[in-house]
Structures are given as C-alpha cells and as structure tokens.
Amino acid sequence: MARRAGTLTALALAFVTLAPVAVVMVQAGGRGLTAPDWAALRFTLLQAVLSALASVGCAVPLARALARRRFAGRGALITALGAPFLLPVIVAVLGLLAVFGRAGVVNATLRGLGLPEVSIFGLGGVVLAHVFLNMPLATRMLLQGWQAIPAERLRLAESLGFTPREVWRHLERPMLRAVLPGALLAVFAICLTSFAVVLILGGGPAATTVELAIWQAIRFEFDLPRAATLAVMQVLACGGAVGLAGLVARAPGFGAGLDRLHPLPAPPGWRRGLDAAVLALATLFLAAPLLAVLQRGLPGLLSLPASIWPAAAASALVACLAAPLAVGGALALALGRAQGVRWLEPVAMLPMAGSQLVLGTGLFLIAFPFVTPARLSLPVTVLVTAVMSLPFAYRILAPAAQALVADYGRLAAALDLRGGAALRLLVLPRLRRPLGFALGLCAALAAGDLGVVALFATETGVTLPLAISRLMGAYRMDQAAGAALVLVALAFGLFWIGDRWGRGGTEA
Amino acid sequence: MAGLRLDHLAIVQDDFALRADWSAEPGGRVAVIGPSGAGKSTLLHTIAGFLPPSEGAVLWQGARIDALPPGQRPLSILFQDQNLFPHLTIAQNLGLGLDPALRRVDWRAVEAVLERVGLSGLGARRPAQLSGGQQSRAALARALLRQRPLLLLDEPFAALGPALKAEMLDLVDALAGDALVLMVTHDPADARRFARDTVLVAEGVAAPPVPTAALFADPPPALAAYLGGAAF
C-alpha cells in the first residue's frame with residue numbers, strides 16, 4: 001500500500017534532521033570547548049539526572065497507591081495524569097512561579113512560620129518544574145507495570161497469605177526492576193533538551209543548559225561557531241541517551257487500562273493512610289499551579305494586550321500546519337514499516353536524538369546568508385515542531401498500522417486496492433481513531449511549544465508561548481497568566497477537536 | 001494451451017519445501033488435500049501472488065503471471081477469514097470487485113449478484129450484521145463480480161457447519177461455470193462432494209490432479225496415513 005510513500009517520507013525526514021546537523025558539524029570545526037561549554041554540559045547532565053530520579057522516585061508511591069486503591073475520582077485522576085503532556089511548558093512554569101515564587105503561597109507560609117524562604121530559580125527550580133511535567137508520565141508508565149502483573153500471580157499470592165511486605169518482595173520489586181530503567185531514561189532524555197523551563201527558571205553561569213547556551217550564543221553573542229559546537233555536544237548527549245534507551249526499550253504506550261479482573265491487595269491500617277496522603281499530596285502538587293494560573297489569569301483576560309491575538313493566530317496556524325505534516329509523515333512510515341520495510345522505524349525515531357535548538361541552529365546557519373531569519377520564523381517553527389512531534393505520532397500509529405496490514409493487507413492486495421483508493425477506503429476509516437488522537441496531540445504540542453521560534457522571531461512571527469515569555473520577562477505577570485489561559489484553551493481545544501474527529505468514525 | 005500451468009514450481013522457505021509440476025483445465029473443480037503443514041495454503045498463496053516462487057513459473061493460458069501483483073492476476077481468492085472489510089457495507093465490499101476505488105461501480109450489477117447468492121436487500125448492511133454463512137455468500141458474490149477465470153478457495157467455509165458448507169460448495173459449483181476452481185480442504189467429504197479431481201499435497205510435493213473417486217478408492221500411502229482408518 002505505502003512502501004514507496006514510506007521510503008520517500010523517510011528520506012525527507014532523514015534529510016531534514018541530518019542536514020542541519022551536518023551543517024552544524026562543518027561550522028563547528030576547529031574550535032575547542034571552553035569552560036562555559038563544559039559547565040553547560042555538566043549542568044545539563046546534572047539537572048537531567050536529578051529530574052529523572054526525583055520524577056520517578058515520586059512516581060513510585062503514587063503509581064502504587066493508584067494501582068492498589070479504588071476510590072471515587074480514580075479514573076479522572078489517571079486521565080488527568082495524561083494532561084501535563086499536553087500542557088504548554090510555559091504555562092506550567094508560570095503556575096509553579098505563582099506557587100513557589102517569592103510572592104507565592106509556599107514562601108508566604110514559610111515567612112509566616114519564620115522559616116527561610118526557598119528560591120525557585122536555579123537548579124532546584126529547574127528540577128521542580130521537570131518533576132511537575134514528568135512525574136505524571138512516569139506514573140503512567142509505572143502504573144502500567146503494576147497493571148501488567150498477571151492476575152494468576154496475585155491470586156497465588158493471596159492464596160499463600162502474602163503480607164504487603166512479601167507482595168513487595170516477590171511481585172512489585174521484580175516488576176519495578178524491569179520497568180524503572182525505561183522510565184528513568186525516558187524522563188532523562190526529555191530533560192536533556194528542555195528549553196522553556198531553563199529559559200525562565202535557569203540562566204546565569206551556574207544554571208545554563210546546552211540548549212539554553214545555544215540560544216544565547218545565537219541571540220546575544222551572535223557567535224555562530226560556538227552555537228555549532230554546542231549543538232554537536234547536544235547531539236552527542238541526546239544520541240547517547242536515545243541509544244541507551246534503545247537498549248532497555250519498552251514501549252510506554254499512552255492508554256493505561258483502568259481496571260483489571262483481579263485487583264491488587266489493598267492493605268488496611270497505616271498503609272491506607274499513607275496511600276491516601278500520597279494521593280492527596282500529588283493531586284495538590286499537580287493541581288495547585290494550574291489553579292494559581294487560573295486565579296491570576298481570569299482577571300488578566302480583561303487586560304490582555306492586543307498583540308496577544310496575532311500571536312494566538314500564529315500559534316493556531318503553526319499547529320494546523322505542523323500536525324497534519326507530522327501525522328501524515330508518521331502514517332506513511334508506519335504503513336511502510338507494517339509492510340516489512342524495517343529500516344523505516346529507526347528513521348522515524350531519528351528526531352528523538354536531536355533537539356529543537358540543534359535543528360534550529362542548523363536551519364539558521366543554512367538560511368542566514370540568504371534571508372533574514374525573522375522572515376522564516378513561522379515556516380521553520382512549523383517544520384521543526386512537526387519533525388519533533390513525528391516520533392510520538394509514529395508510536396501512536398505503528399501498532400494500529402501493523403494490525404491493519406496483518407488483518408487486511410492480503411485482502412487489499414487481492415482486490416488491487418492501492419494508492420489513493422486504499423487511503424480513502426481502508427486506511428482512513430480503519431485508523432481514524434489513532435489518527436485523530438495523533439493529530440490532536442501533535443497540534444497541542446505544536447501550539448504550546450516554545451523552542452525554535454525563540455531563535456528566529458523578532459517582532460514578527462511571534463507565537464503565543466513566546467509572547468507569554470516576553471510578558472513574563474517584562475514582569476507583567478497578570479497579563480502573562482491571562483495569555484496562558486488563552487494558550488491552554490487553544491492547546492486543549494485543538495487536542496479535543498482532533499480526538500473528537502477520531503472518535504466520530506463508524507466502528508464495525 | 002492449458003488453463004493453469006505450474007511449471008517446475010518450487011517454494012522453499014527455511015526447512016520447508018514444496019514442488020509442483022502440473023496443469024489444470026478451465027472449468028475444472030480441483031480439491032487440494034493433505035495433512036496440515038504440508039503446504040496446501042502455501043501452494044494457493046503462491047499461485048495468488050502472496051509468496052514468490054523460488055524456482056519455476058506460474059502460467060495462465062500460456063502466459064506467465066508470477067510477476068504480476070496479486071490483484072492483477074486472472075484470479076480471485078477467498079481466504080479462511082477476513083474476506084470482507086468490516087467498516088464498509090456489503091454492497092461496497094462487492095463494489096470493490098468492480099472498481100477498487102468505488103468510483104465506477106454499476107450498483108445494479110451488485111444488487112443482481114446479491115440476488116443470485118440469496119442476499120438480496122442486504123447490500124446496505126455491514127458484515128457484522130450478517131451470519132457466517134451470509135458473509136461467505138457475500139465474499140463469493142464479489143468473486144463472481146470480478147469474473148476472473150480462476151477461483152482459489154483457501155478453506156473459506158471451514159467455520160461453517162456441515163450442512164451450510166455443503167450448500168456453499170453446491171453454490172460455488174453452480175455459479176463458477178467455466179472458471180477453474182482450486183479448493184483447499186482437510187475434509188475428504190468436501191473433496192468427494194465438490195471436486196472431480198484432487199491434488200494431494202504431502203511430503204514436499206503437490207502431486208498432479210487425479211480423479212477424486214479413483215484417488216480415494218486406492219489411496220497412495222501418504223494419503224492413507226493422513227486419512228487413517230476412520231475417514232470413510
């Protein structure tokens with residue numbers, strides 16, 4: 001059905017991801033690493049390691065409580081854990097600033113108690129934000145591990161009269177040993193390329209990541225060779241992380257089941273209280289920043305500067321162009337892979353080894369001699385966000401494409417159902433659900449993304465996340481919170497539209 | 001000029017090998033019988049184009065067809081299952097036999113064929129709303145619409161009860177007309193009911209077709225071993 005389309009897409013994707021890296025490599029030649037470069041690398045690795053340990057460390061008790069307790073709102077809480085993945089990072093940071101910042105609830109309480117204040121800036125703040133953003137993802141991965149413990153084992157454990165300690169030793173600990181490395185590496189890899197969080201909460205010689213240093217080198221120092229050197233460093237770090245993750249690979253999956261036939265034993269007594277406390281704390285930690293944005297942003301909605309609306313339109317445009325591009329490419333690759341072209345899969349995962357700013361730097365270096373980069377701001381943003389979200393779309397579509405080819409590939413071939421007709425009559429109707437989900441997801445990611453656009457945009461080509469970060473930079477926090485609400489509505493609205501379209505199909 | 005000719009055909013995969021070198025005439029009814037794993041389906045799938053032959057050639061009316069994609073060969077195939085797309089209506093599933101893009105379909109012809117297989121008025125339903133026997137009839141109806149001179153049946157009626165299966169075999173025989181029908185089965189009763197000739201697939205060879213009655217009257221050792229004592 002789509003071998004040729006898959007191959008062409010793979011070649012295009014390989015070109016778009018590798019050509020900027022090649023350009024960067026050529027430009028980087030001959031320049032050694034300076035002390036600030038090393039400091040950036042050290043900080044990048046340090047914050048990523050700490051973020052991974054803290055996120056997964058917090059996720060273990062939370063996932064365990066969710067796995068073994070049944071309570072009203074449990075399903076809603078598990079669904080809500082999927083939301084931070086869609087939440088624009090800038091909004092999360094804004095919310096954390098409102099709670100943990102100098103004027104936030106936490107520091108006000110500490111002052112009231114006569115205790116020293118905490119600062120959200122620097123390493124601690126970066127890690128805190130990464131935990132906020134990634135603990136839900138880690139929790140869902142671990143929850144799947146818990147739910148994958150076979151019912152037969154649980155029945156056996158119960159018939160043997162296992163205490164909670166023995167359930168931990170014989171069932172839970174071996175499961176975690178298999179699942180934890182994958183979860184740790186997933187969070188580690190995400191945090192390596194984190195940009196928006198570090199842009200706002202980090203900075204300065206002590207808290208600059210490679211990604212941020214690339215941005216500074218281009219925007220402030222206009223030191224293109226340094227940006228190129230840093231980009232090469234970032235490629236090596238990401239490539240190493242992705243390679244490592246490949247060794248302990250375990251598909252994370254997005255849809256955790258909610259119930260099983262044989263529930264985990266739910267021990268009474270103090271463990272019940274502990275689980276309740278963990279659930280309450282986690283809910284508070286995840287909900288408070290969002291409520292703070294809401295509380296601050298609602299009044300701010302009335303005083304939004306006019307410049308927000310063109311920026312929102314730009315973000316919507318980026319999302320509506322990038323999502324079909326990413327999902328279309330992912331679909332071609334997934335169908336080609338399902339028909340036996342094995343090398344398409346590693347190509348589909350290629351963007352994971354890069355980063356927005358690396359791709360951006362490469363494209364900047366390519367474009368700079370010919371056009372003013374600001375004029376390319378939106379096209380480059382569309383291209384880079386599409387490329388970066390393609391692996392997610394591929395992961396969503398690949399199993400469905402595999403099943404489609406296994407079930408109906410022969411029949412389609414026997415009837416000579418090919419090309420556009422196969423797309424219209426077979427692929428779109430059968431894959432509508434995952435396609436809609438992937439479109440919604442990619443659109444939400446593209447709308448909320450603050451990355452490469454920061455490299456290119458000046459006064460023109462500003463997206464909504466960039467506009468919010470500029471409002472924050474000008475300490476217009478109420479307006480920033482108001483604009484953040486607009487952004488949240490845009491991102492979740494786009495996701496809802498895509499997902500809704502996917503569910504609208506007639507299922508047979 | 002034979003209808004179907006398998007010319008020194010060999011299919012080799014890992015530790016599996018199957019050879020065939022014979023012909024069958026248009027209008028024939030040929031059963032393909034043998035122990036499971038011997039390669040009955042493999043033989044049909046090679047003729048249909050889902051497996052490349054390792055050696056030899058597949059010819060129809062003297063012309064090689066083994067390089068053509070499955071849908072462009074002069075044949076129709078009915079699989080064990082998944083013969084209908086569940087998201088399309090029965091009429092659309094049949095229409096695919098006339099035009100895979102469903103743009104130039106004579107829907108009156110579709111309705112006429114539905115009537116011939118006893119499904120008139122059910123064109124607007126989806127496969128899940130039909131019984132197993134009705135689904136088989138729909139798949140057969142599409143094969144009729146395609147009007148290919150060779151019909152391959154890879155046990156499409158295996159899931160039906162004995163009475164329904166016998167009914168379907170009679171229907172195939174009545175409707176296939178001048179087409180050559182090759183039918184995989186593991187049931188000797190099917191072969192004797194439906195097929196004048198039978199191909200025995202065993203021990204790496206698909207033997208040339210021989211008259212069914214004679215074959216079962218004096219089974220070669222491989223067939224006798226497969227049938228055991230109870231089959232008659």
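**Note on the predicted model: chains A and B**

1. Helix H9(A) bends by about 40 degrees at Glu172(A), with a proline, Pro174(A), following within four residues; the bend is the angle between axes fitted to the seven residues ending there and the seven starting there. The end C-alpha atoms of this helix, which spans residues 164-192 and has 29 residues, are only 37 Å apart, short of the 42 Å that a straight helix would reach at 1.5 Å a residue, the expected span being 1.5 Å times one less than the number of residues.

2. This is a predicted model, in which local features need pLDDT of at least 70 and side-chain atom pairs count only at pLDDT 80 or more, while totals for chains, interfaces and linings use all residues. Residues are numbered from 1 along each chain as its sequence is written, and chains are lettered from A and ligands numbered from 1 in the order in which they are written.

3. Chain A contains 22 helices and zero strands, where helices (H or I, at least four residues) and strands (E, at least two) are DSSP runs numbered from the N terminus.

4. In chain B, strand E1 (residues 4-13) runs antiparallel to strand E4 (residues 55-60), and five bridges join them; strands pair if DSSP finds at least two bridges between them. Within this pairing, Leu6(B) stands opposite Val58(B) of E4(B).

5. E4(B) is also joined by two bridges to the antiparallel strand E5 (residues 63-64) of chain B, with Ala63(B) in E5(B) as the bridge partner of Trp60(B). These two strands, E4(B) and E5(B), form a hairpin with two residues between them, and Gln61(B) in the turn has a positive phi of about 50 degrees.
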